[in-house]
Amino acid sequence: MHPLLFHLRFFKQAIKVNPMLLFTGLLLIAAVSCKKPYLDIVPDNVATLDHAFANRLEAEKYLFTCYSYLPKEGDPDRNPAFSGGDEAWTYWPMIEDFFFRDPYQIARGEQNRANPYMNYWDGYDGKSLWQGIRTCNIFLENVDKVSDLQPYEKERWIAETKFLKAYFHWYLFRMYGPIPVMDKNLPITAPPEAVKVYRQPVDSVVNYIAGLLDEALAGGSNNGLPLVITSAATELGRITKVTALAIKARLLVTAASPLFNGNNDFTGFKNNNGQLLFNPQYDAGKWVRAREACKAAIDAAHSAGLKLYYFNPAIITVDNATRIEMNIRNAICEKWNSELIWGLTTGGNPTYWLQTFACPQLDPNSFNINLKGKLAPPMKIATLFYTQHGVPIDEDRTWDYANRFHLRTATSKDTGIQEGYKTVGLHFEREPRFYADIAFDGSRWFMRNDSFNIQSKLGQYSGKKQSRLYSITGYYTKKVVNWNLVYNNSSLQVESYPWPVMRLSDLYLLYAEALNESGSSTEALPYLNQIRARAGLNSVESSWSMYSAKPGKYQTTEGLREIIRQERTIEMAFEGSRFWDLRRWKTAPQALSEAVYGWDILQETYEDYNRRVLLYSPKFIAPRDYFWPIREYNLQINPNLVQNPGW
């Protein structure tokens, strides 16, 4: 059934609808509005929308309907940033153990314009973000009708809805680039020409979203959005002032980045009326604006009591290395922890599938078919983590880079590796985040109920034993698995946690980047160093001066840019950040065209297993692959919509 017909069955004729989602239906109305079936449908349901705003309870349900359009970002098959880039790979073809193949097909270069994968423009996983925007507009247009709603509640609900409307626009902007702006819904009586909307220039879209977030942020500490959630039992996951400020910071950092700031790749990209959609001129002021937004968000976060998470050793007695590992893992996996700015609970168990896709068989005495272990980091991701001295492996003067693929035998002094086990030099003397985030043959996996050994050569309990339930690269994504997961042969208990759309360390890294790019490089270092200290590393200044072959690297804008980007890649690994960062930095053509390698998982011996195997040779085609294609059908319906370059 066409979306227009569906909604007409529920809303009266005066309801305004979204022209992007319902354009076809509006043309049909213009052509056949005199036909009896359409006229019969609407009057029978005149009271439906009035009922939705008849009282506080019904209006709150409609508010939560607006929330329901948020994509399930903690799900590996619904968030392109998990499996649509290069941080995770999987065996192919997949016959089982998936909900959608879309992200995996994107990673393999199979995106298309006839029926685009992960098409949140028209609808994916039952969610069209344009429909979400339309629903937000309906709420804003009708909330004044609610007679028993207290003024302070109405202010807050309006602010939440404006945030969601801004966030849906932001999500589409990040995927599609310049998009139409749907500030108001058009009436269903609008003529066909009125719904033939144009895409708006990048700067206009950014300013619109930022302005809408500012509207959501209006009001003092006792008005509109709360600074903190006080009713934890019923309201966790709802929007706060800190959330809105942090998303605004992310928006403006993205807008200041090379993809959108001074990008000549899209110089000729324009609407059919001649309007340019990209400004090719670099504007340093965008970084200043981003810096100020980041600082405002950080100040608000601190005022709200947010701070970098540190594991509480009183919970359980652990050694120092394990304590640092849990600093890192539980910053993601501990529910509502001290650095979580916005956690998504969409779907009820927002990270259940992520954890089961990531976790291998840990216990040699138990097997549970629900643990897939298939979310596999490629070898190139393993190389991005620092050495134990906090510098890149190809810069550390004391680390044996030349012999990184040669076998070594672990001793009791080797952190994170089973004593007496053989593995390659690549896995020795690495930073704590390497061992916290990634598991490999010979590594150790700490859980609350026990500490497990990963043994994943052919036939071993963590390795490949059948056509599924294994890592194609030999690596496992430990970081996203909550330490409270428990299983045996017949049962599995997964403690799902809210997916961290934004956490404080992410915001610190955005601020450090904006500081460096706006001429305040030295001010960026303390924010990097706080994150590094939590991960058990010395400061940037100390680490580079003492161990790097490029000791003065951090003292230049270009050098510190490289450090910040690698620090961000490491700290935010497997959280859906790299996929978008590579695009906004315009480094995707290089990074996403690198070959995907893994270990030879079909082998039984140390020597045979620890050989590199080419799994895939992807190709990122620029500028085409920076953005999603708009479905061809939409362009046929609305000739004022122009396709993204390359598609």
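This is a predicted model: local features need pLDDT of at least 70, side-chain atom pairs count only at pLDDT 80 or more; totals for chains, interfaces and linings use all residues.
Residues are numbered from 1 along each chain as its sequence is written, and side-chain values use heavy atoms, with hydrogens and water left out.

Side chains of opposite charge can pair when their charged atoms come close. The structure holds 51 salt bridges, a salt bridge being a side-chain nitrogen of Lys or Arg within 4 Å of a carboxyl oxygen of Asp or Glu.

One of these pairs joins D75 and R78, with 2.8 Å from N to O. D75 has a relative accessibility of 6% and therefore counts as buried, as does R78 at 10%, where buried means under 20% relative accessible area, exposed over 50%, and partly exposed in between (1.4 Å probe, protein chains only).

A second salt bridge, at 4.0 Å from N to O, brings together the side chains of K479 and D437. This pair links distant parts of the chain, 42 residues apart, since K479 lies in the loop between β9 (475–477) and β10 (486–487) and D437 in helix α17 (residues 432–437); helices (H or I, at least four residues) and strands (E, at least two) are DSSP runs, numbered from the N terminus. Both K479 and D437 are buried.

In the salt bridge between E562 and K553, the N to O distance is 2.7 Å. Here E562 is partly exposed, with a relative accessible area of 41%, whereas K553 is buried, at 8%. Elsewhere, salt bridges that share partners join E339, E431, R433, D437, K479, R503, R532, R534, E567, E571 and E575 into one network.
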